[in-house]
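The report below describes selected features of the model displayed here.

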Amino acid sequence: MIALPLAILWFGGLVLALLDGTRKPIGYLGVVVLASATAATAALGVQVHRDGQQVMEVAGWDAGTGIALRVDMLGIVFAIPSLVVLTIALWFEVSRDVKARIFPALAVFMGLGLTGLFFTGDAFNFYVFFEISMVSAYVLASYGETPRQLRAAMIFIVVNLLGSVLFLIAIAGTYHNTGWLDMERIAAQTPLIDVNPAIMTATLIFVAFSIKLGLFPFHFWLPAVYTGTRPAVAAMLSGALANIGSYGLLRFGADIFSRELHEAATILFILGTLSIIYGSIQAIARHTPAEVLAYSSIGQVGYILIALAIGGEAGYVALIVFAVINALNKLLLFLSASLRGWIAGAAFAVGAFSVAGVPPAGGFFGKMAVFQASIGDQRYWLVAVILIGGALSFVYMFQIYGARFWTNDEADEATTREALVLVVLVALVIIAIGVYPGPLFELSRDAATNLPERVP
Amino acid sequence: MTLLVSIAVAVMFGVAAYLMLKRDLIRVITGMILLGNAANLFIMSAGLREGGAPLVGEEGDLSDPLVQALTLTAIVIGFGTAALVLGLVYRVYDSHQSVDIIRIGDAEELQASMDDQPLPGDVSALDQSAIDNEAEVKR
C-alpha cells in the first residue's frame, strides 16, 4: 500500500519518458498518472489516519538493516498538496500546448521524488529522492529553452547543487556521529552527541533547506529563476518543490535536532522577520507580476520560519497549515497571472486575498494560526511583525492586480477555457478551506503530534 | 590517515570554492564537480571503522561498508548532474555565444530594462516569447 503511489509515479514516469509529450493525449496521460498517484496517497492517508504510522521495510530486509519507508500524517499532509500542485500545473500547461516532449515525464518524476522523500524513513534515502526531484526541477527550469530560461536554469542549478552538497555532507556527519541512517534511531541518538558536532550538522541542514525555501540571506537565486521560468514551472517550483524546505525543516529540525532548534530560536525569529520585511518591501518596489510573486514568496517563507521557531504543537500546526495554503496560493497566483480576462482576474483576486490573509480565503487561517501561536508564546512583537507583513502584502498584491487586470482586459490566445476552469477550481478550493478550515487543522494537529514537544 | 584525508577534503573544497567564484562558466562547473567529489571523500572519511576490504570471506578488522555504498550512490548522482549541467552550459553558450558570466549577466539586465519600459500591464514578464524574440533579433 505504501509503495503504490511511488510505483504509479515510477512506472508512469518511465512510460511517459519514452513517449512524445508534446502530443495532447500523452500530456493528459501524465495528468492521469499524477492524479491517480494523488488518489493513492489520499487512500494511504485514510489508512494512516485510522491505524497510525505505516512502515514498510524495502525488499524484505530485517528491521534496522535495510531502508524503511515510514508514512505518518506529516508525510501525507505535505505529499497531497505537492501532488495536487503538480497535477494542476501540468494540466494547465497541457491545455496551452506543451513545448518539450519530456515535460510530462519530468513533472511525474518530480512527483516521484517529492512523494518518496515525504515517505522515507532513512536519511540517505531522503537525499536520493531529494536529488530525483531536484534533477527534474533543473531540467524543468530550462523548459521553454529561450535564452532567458536557460539563464534561469543555470542559476538554479549552480545554487541548488551547492545546497544539495551541503545536505549530503550533513548526512555523512550525522551518520558519523550517531552510527545510524534511520531517522527514528538518529532522533534517539542526537541528544547524546556532543554539542559542537550537533550544531555544525544542524546548521548545514538548516542552510541546505533554507536555500530550497529561498529564505532571506539565501534567497538570491529565487527572483531570477521565478521570473525567468514559464508560469506552470514557476508554480511547480514554488508550490511543490519548496515544500521540501518546510518538510525538511520540520523533519530534521523539529524531530531530529530539536535541542539545536530550540537553541537557535532567536536566530530563526530574526531571519524570519527579516525575510518578511525584506520580501514585502522588495515586492512593493517591483512592477511585473512574476517578480512581485517571487519576492512575495521570500516574504511568505518568513512566516514558516517564525512558526518553526515558536515550536511546540501550536507552532508546528501553524507551520503545516501555512505551508499547505501557501503552496495552493502560489499555484493559483502564478497560473492566473499569466491569463487574461475577468475570470482570471477574479481567481487572482482570491489568491491575493489569501496571501494578504483576508477572511473569505484560506490564507486567513494560515496567518491566523501563526498569529495565535505567537500570542500563545507571549511574543507580542511577533504579532506586530505579522500585522505589518500582512498590510504590506495587501499593498503589493493589489498593485499588481491593478496593473495586470484593470488596464488590459482583452483575451489573448493563450487563455484557453480549460486553463480558466483550472484556476477557478484552485480558487474555489482556497475559498473552501477558508470557509471550512476544520479538517485541515485536524489533520495538521494529527501530523504535529508525532513531533516531540520542544524542551523548555 | 584522518589528518591526510581532512587536508585533502579541505584543499578540494578550497579549490572548488575558488573556481565557483570565477567568471567563466566552465570553471564554475568544474568547481561544482570538484565540490561533489570533495563531499564524496568526506562521506568516505565519515566511516565508523577502518580496516581491510569489506568482502565476504575476509577476516579481521574490516572497514565500514555502508559509507562505500553511500559514496557509490553519491558518485552516480554527481555524474548524472554533471552531465546535465555541461549540457546546459553548451545550450547557454549556443544562445549567448559566450560562457562569460558578466556578458550573460548583461543579457539579463537588458531583459530587465525591457521589462520595466512598457506601461504596467501592457507586457508582462509572463508573456516572454515576444521579449525573447526581440532579444534574439538584437543579438
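In this predicted model, 7 residues of domain 1 of chain B are in contact with 6 residues of domain 2 of chain B. On the side of domain 1 of chain B that touches domain 2, the residues divide into 3 nonpolar, 2 polar and 2 charged. The two domains of chain B cover residues 2-99 for domain 1 and residues 100-139 for domain 2.

Chain B contains 5 helices and 0 strands, and its pattern along the sequence reads α-α-α-α-α. Of its 139 residues, 22% count as buried. Among the contacts in chain B between residues at least 6 apart in sequence, 45% join residues at least 24 apart.

**The interface between the chains**

The interface pairs 37 residues of chain B with 37 residues of chain A. On the chain B side, the elements that give two or more residues are helix H2 (25-45), H3, helix H4 (101-116) and helix H5 (128-138). H3(B) provides the largest share of that side, with 13 residues. By class, the residues of chain B that touch chain A divide into 21 nonpolar, 10 polar and 6 charged.

One helix pair across the two chains can be described in detail. Helix H5 (residues 123-141) of chain A packs with helix H3 (residues 65-96) of chain B at an angle of about 5°, and their axes are 11 Å apart. Angles under 35 degrees count as roughly parallel, and H5(A) and H3(B) are therefore roughly parallel to each other. From H5(A), the contact is made by Phe124(A), Val128(A), Glu131(A), Val135(A) and Tyr138(A). H3(B) contributes Leu70(B), Thr73(B), Ile77(B), Gly80(B), Thr81(B) and Leu84(B) to this contact. Taken by class, the contact of H5(A) with H3(B) has 7 nonpolar, 3 polar and 1 charged residues. As a general point, an α-helix has 3.6 residues a turn, so residues three or four places apart point the same way.

**A covered helix in chain A**

Helix H14 of chain A spans residues 289-310 and has 22 residues. From its first C-alpha to its last, H14(A) reaches 32 Å, close to the 32 Å expected at 1.5 Å a residue. H14(A) is mostly covered, as 22 of its 22 residues are buried. After H14(A) comes Gly311(A), whose phi is positive, near 65°.

**Positive phi in loop residues**

Which residue other than glycine has a phi near 75°? In chain A, Asp97(A) has that positive value, and Asp97(A) lies in the loop between helix H3 (73-95) and helix H4 (103-119). In chain B, Gln97(B) has a positive phi of about 55° although it is not a glycine, and its place is in the loop between H3 and H4 of chain B.

| Residue | Phi |
|---|---|
| Gly311(A) | near 65° |
| Asp97(A) | near 75° |
| Gln97(B) | about 55° |

Technical notes:
Residues are numbered from 1 along each chain as its sequence is written. Chains are lettered from A and ligands numbered from 1 in the order in which they are written. This is a predicted model: local features need pLDDT of at least 70, side-chain atom pairs count only at pLDDT 80 or more; totals for chains, interfaces and linings use all residues. Helices (H or I, at least four residues) and strands (E, at least two) are DSSP runs, numbered from the N terminus. The expected span of a helix is 1.5 Å times one less than its number of residues. A residue is buried if 20 or more other C-beta atoms lie within 10 Å of its own, exposed if 12 or fewer, and partly exposed in between; C-beta atoms are placed from the backbone. Domain bounds come from an automatic or database domain assignment. Two residues are in contact if their C-beta atoms, placed from the backbone, lie within 7 Å. Ala, Val, Leu, Ile, Met, Phe, Trp, Tyr, Cys and Pro count as nonpolar, Asp, Glu, Lys and Arg as charged, and the others, Gly among them, as polar. Axes are lines fitted to C-alpha atoms, for helices over the stretch in contact, and angles run from 0 to 180 degrees between N-to-C directions. Angles under 35 degrees count as roughly parallel, over 145 as roughly antiparallel, 65 to 115 as roughly perpendicular and the rest as oblique.
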